[in-house]
Every structure is written in C-alpha cells, then in structure tokens.
Amino acid sequence: MTGVDRPLPADAVRRLTADPGPWLSCDDCFRLVDRYVEGLLTGGARPMRGELGAMPGHLSGCPACSEEATTLLLLAAAEAGIDPAPALQRLLPD
Ligand SMILES: [Zn+2]
C-alpha cells in the first residue's frame, strides 16, 4: 500500500451524490409495506411504480424493514390461502 490520496474524479462525485430516484425512509417503508406485500402476492412479476418501486432498494439495505415485510407477507399469504414462496422470492431475490 502506498497510501496515495487521490481526489475523486468529478464524474465519480456526481455519481455518488446524484439523486438515485425515489428514496424511502423507514417510516415511508412502514406506511407502504401493506400495499407492497399485497402487490407481491397478487401482482405477479409486474414491476411496481413510484414509491412502491423504491421498496426493493430500501428492503435490500434495511434488515429491520425487510424482516417486517417478510413477516407481513407470510401472514397475508396464510390469511389468503396463497403459497407465499413466489412472492417471498420476489421480496428477497437472493
Ligand atoms: Zn427501513
């Protein structure tokens, strides 16, 4: 390691600070999670729009909300008599 501190190129800085689109807080996530889970269970593989489209990004980086959504999905699926597996796969693609 030489430890040279080079400043980031301007375009890298722009990429890092650019608005990545709709951004959700955990509060937003909590507000939307019912609709999101329902969409996963009933909407097939259709991509979701607007705020709901930002849910995967939030969930992939937020274990707390991801766990909340998983619990809700399993409950909702059980209540509706739906196999939760496909929706679960879309909720947690990894
Ligand atoms: Zn969160």
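## About the model

Residues are numbered from 1 along each chain as its sequence is written, and side-chain values use heavy atoms, without hydrogens or water. Because this is a prediction, local features need pLDDT of at least 70 and side-chain atom pairs count only at pLDDT 80 or more, while totals for chains, interfaces and linings use all residues.

## The zinc site

Let's start with the metal. Cys26 (SG), His58 (NE2), Cys62 (SG) and Cys65 (SG) coordinate the zinc ion at 2.0 to 2.3 Å; donors are N, O and S atoms within 2.8 Å of the metal (3.2 Å for Na, K and Ca). The angles between the 4 donor atoms run from 104 to 114°, so the arrangement is tetrahedral (four donors, all angles between 85 and 135 degrees).

Along the chain, the donors follow the spacing C-x31-H-x3-C-x2-C. Cys26 lies in helix α2 (residues 26–42) and Cys65 in helix α5 (residues 63–80), so this pair ties together parts that are 39 residues apart in sequence. Helices here are DSSP runs (H or I, at least four residues), numbered from the N terminus.

Cys26 is partly exposed at 40% relative accessibility, whereas Cys65 is buried at 10% (buried is under 20% relative accessible area, exposed over 50%, partly exposed in between; 1.4 Å probe, protein chains only).

After α5 comes Gly81, with a positive phi near 70°.

Key:
Tetrahedral: all angles 85-135°; square planar, octahedral: opposite > 155°, others 65-115°. Helix = DSSP H or I, 4+ residues; strand = E, 2+ residues; numbered from the N terminus.
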